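Dear colleague,

Please find below the structure that I am handing over to you. My notes on it follow.

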Amino acid sequence: MENTWIFVARKNIKTIDVENQLYEKITKRAKEKNLSIHKFTNEILHQILTKDEFAKRVAPGLRLLEFESDSILVRDDLAKKTRLATISIRNGKLWCDLDEKNDCNHIHFVLMLPDIVNFKDKLKQI
């Protein structure tokens, strides 16, 4: 007998596709937190979107232009004149070449970006 799949539409629920490798990570993390895959995935997506909305509210003049493996380019429209800040790693910490320090608005903005995890292996500490 042939397998038959029946999909039942649930109100307020949409289906998305994820890569197998990502699904395996999600499944593992959900089990670690004793949550269903559905609940865990929704919590993670909600956190990321909330963080993104927060960054847009608190730093409306800052925008990510480019994210490379060893630097991040941020456009700063907060001042009267548009400036570009390159954030890189110096002595195991994030460094802003525009402000010439490791603690400024540009770095705080970068720390709010979900992509900062791409830097985690290169940083000794933040």
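Is Asp77 buried, partly exposed or exposed? At 36% relative accessibility, Asp77 counts as partly exposed (buried means under 20% relative accessible area, exposed over 50%, and partly exposed in between, with a 1.4 Å probe and protein chains only).

Please note that this is a predicted model, in which local features need pLDDT of at least 70 and side-chain atom pairs count only at pLDDT 80 or more, while totals for chains, interfaces and linings use all residues. Residues are numbered from 1 along each chain as its sequence is written, and side-chain values use heavy atoms, leaving out hydrogens and water.

A search of the whole structure finds three salt bridges (a side-chain nitrogen of Lys or Arg within 4 Å of a carboxyl oxygen of Asp or Glu). They are as follows:

- Asp77 pairs with Arg75, with the closest N and O atoms 3.0 Å apart; Arg75 is partly exposed at 28%.
- Asp76 pairs with Arg83 at 2.9 Å between the closest N and O atoms. Asp76 is buried, with a relative accessible area of 2%, whereas Arg83 is partly exposed at 32%.
- Lys56 pairs with Asp52, the closest N and O atoms being 3.4 Å apart. Lys56 and Asp52 are four residues apart in helix H2 (residues 37-58), and therefore separated by about one helical turn. Helices are DSSP runs (H or I) of at least four residues, numbered from the N terminus. Lys56 is exposed, at 56%, and Asp52 is partly exposed, at 32%.

Yours sincerely

Notes: Helices (H or I, at least four residues) and strands (E, at least two) are DSSP runs, numbered from the N terminus.
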